[in-house]
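Have a look at the structure first, then work through the points by topic.

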Amino acid sequence: MRRAAARRAAGLAAGRLARRPVVWVGAVFLGLTFGMGTLAPYLGFLFPAGTRLVYTRASFPELVASHALLTGAASLIAIAIGLAAALFATRPTGRPYAATLDRLGALAQTFPPVAVLALAVPSLGYGALPTAFALVLYGVLPVLGAGMAGLSSVPAAVLEAADGTGFSPAGRLWRIELPLAAPILLAGIRTSVTIGIGTATIGSTVGALTLGSPIIDGLSGDNPAFVLQGTVLVALFAVTVDLAIGEAQRALPQRAR
Amino acid sequence: MRLPAGREPAPTLRTGAGLDILPLLISAFALAALLLGGFVVVAPNRLLSGTPLSLWHAAGPGGAATMLAILGAIALLAVCPAFRFQRVLIGLAAGALMVLALALAGMAASEQAAAAGRLTRVSLGAGFWTLFLAGLLLLADCAEREPRRAGKALPLLATLIGLAALLTSGRLAQLSLAREYAVRQQAYWDELVRHLELTGAGLALALVAGGAIGLMAYRRPRRAGPVFAVLNIVQTIPSLALFALLIGPITLLTGLLPGLRQLGISGIGPTPAILALGLYGLLPVARGVHAGLSAVPNTVVEAALGMGMTRRQIVHNTLIPLALPTLLQTLRLTLVQLIGLAVLAALIGAGGLGAFIFQGLGQTAADLVLLGALSAIALALLADTALRGLTLFLVRRPAQ
């Protein structure tokens, strides 16, 4: 009987999972990624006659992989830098610099990402490198902001209690502060990754191979089919990743408790 | 709670007192850049890359000495015990640093052009940019920390006037950036105005629609969740995709309703750009209005009701004044974001400052890219500063 209950619970969990938007949006995204090449020749009725329908510079799985790799690597670096800076700014030695870091971030956010991307080209050349630079730069800011906000949102009473119970500074950070800051921190990471996917898309204007490439090629070559294929895939990609991190956020409080 | 582009309102931080480290750090950094990096770069023509020239060689001993004197003054002011005009003086020195750096670069360009002929291009080097950015950071820092309004405004205004005087004096005419501007003067102003028009129209759209959504979410909290979830998805879509995504439907619409085309609406050009900018502004505006109104304590509204105020009076005399700091902050962040995003409008044929950036990227003409990118950055910084000033003018305590 207990096994039946467990099975029912598992079935319920699976049913609940299937109803989560991330699952079906992700499924549509993956389906289109691998199916776009097959589907494209049949889309002729949507566009003016004579439009080339199949994007040939790279296959869509290749574009997705390149986009994901660029965004993923840059996001990891950005999260590491942002988190390290936030940790520094909330420790006793770094606290005097917290306000400065905060102001620096606010100023940097005033700079338009496309402008920074374009300014990186003369020194870094065309391609993935300037894109990665802009990605890391803009990815750090939300993580830094959220990290500082999250770590300083831990009530002083909790910290004192941890000190009183004999936690070492590292233990306190790892077992008390980071878990309590995690929801805010993860929200910052979510913003950071979303911005990263968007900036990587623009990166194709400076020659990086991403899902923005068919959009840019389509816009400059007057080919609406490429534009549509690129926009739909990159929008689905961004929404899928955003929803996936949202799921992680939702799962978090139970683990932190 | 997620604002676009990570623009959460600045969290209040537990900061300890300590030595004012930023001016020291920046002047040390600027000094290093001065000694190591090229102040200007001299190239034989527009497309070839050039050789860096240090400040000492570019500006002569006099210019270098003046620059060092200003850096020394900043460091000295920073280690001084606090006094009344400390921040204002550091701010003024930072402004002087920026103006002097630009003037020296302009002079160096004139000398090089006179010596090596018309084709020579003198562009600004890494050393210049480090100095200029250091000045900008210091200026922003001083404006932020100085408590008095006049003290905040004075260094900023002095720097702006100095830079404007320098730009109009013609002393910079031989810098490659100025020459890039000189050959397309008319186009530059056209695109600048176009950029402002696109941003303004997008902002107006976002304010009207986003304001209505925010108000609705405030009045009917139960509907707020789903509405913000939908707006969140719009915000998640990469900006380039949103711009391009609107071309198709609008083209289709003008195909079905030819009357629209006579109104000047078409799938390529300003219509999708303005629509995309408006859509991007929806979430920040709606969330800002909602947050601003929700932050007004219920007891205040009840007290106003108890005093016999009408609905209209409550909105005008209670809700709006109390929500004003948040509303103005929302306006500032949205405007700055839209100015940056409007750069992309050039990709869908709508023009704006992005036109120079993408043209320059296509021709590998770094100075043309610089012209567009720097103008966009300057525009965003000016809008940010102006709205911060307006906020200070209108409210005693700006939103935190």
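**Helix packing and overall picture**

In chain B, helix 1 (residues 21–36) packs against helix 4 (residues 126–145) at an angle of about 170 degrees, and their axes are 8 Å apart. That angle makes helix 1 of chain B roughly antiparallel to helix 4 of chain B. Keep in mind that this is a predicted model.

*Who touches whom in the helix pair*

- On the helix 1 side of chain B, the contact residues are Leu22(B), Pro23(B), Ile26(B), Phe29(B), Ala30(B), Ala33(B) and Leu34(B).
- Helix 4 of chain B answers with Ala126(B), Gly127(B), Thr130(B), Leu131(B), Ala134(B), Leu137(B), Leu138(B) and Asp141(B).
- Sorted by class, this contact between helix 1 and helix 4 of chain B comes out at twelve nonpolar, two polar and one charged residues.

*The sheet in chain B*

- Three strands make up an open sheet, ordered 2-1-3, with antiparallel pairing.
- Strand 2 (51–53) and strand 3 (121–124) of chain B sit at the edges with a single partner strand each, so one side of each has no neighbour in the sheet.
- From one strand to the next, the twist averages 35 degrees.
- Strand 1 (residues 40–43) of chain B is joined to strand 2 of chain B by three bridges, the two running antiparallel.
- Val41(B) has Pro52(B) of strand 2 of chain B as its bridge partner.
- Helix 3 (residues 86–116) of chain B packs on this sheet and touches strand 1 and strand 3 of chain B.
- The direction of helix 3 of chain B makes about 165 degrees with that of strand 3 of chain B.

*Where chain B meets chain A*

- Chain B puts 50 residues into the contact and chain A puts in 52 residues.
- Elements giving two or more residues to the chain B side include helix 1, helix 4, helix 8 (221–236), helix 14 (311–341) and helix 16 (366–394) of chain B.
- Helix 16 of chain B gives the most to that side, with nine residues.
- By class, the side of chain B that touches chain A has 34 nonpolar, nine polar and seven charged residues.

Key. Residues numbered from 1 in each chain as written. Chains lettered and ligands numbered in written order. Predicted model: local features only at pLDDT ≥ 70, side-chain atom pairs only at ≥ 80, totals over all residues. Axes fitted to C-alpha atoms, helices over the stretch in contact; angles between N-to-C directions. Helix = DSSP H or I, 4+ residues; strand = E, 2+ residues; numbered from the N terminus. Parallel < 35°, antiparallel > 145°, perpendicular 65-115°, else oblique. Contact = placed C-beta atoms within 7 Å. Nonpolar A, V, L, I, M, F, W, Y, C, P; charged D, E, K, R; others polar. Pairing = 2+ DSSP bridges.
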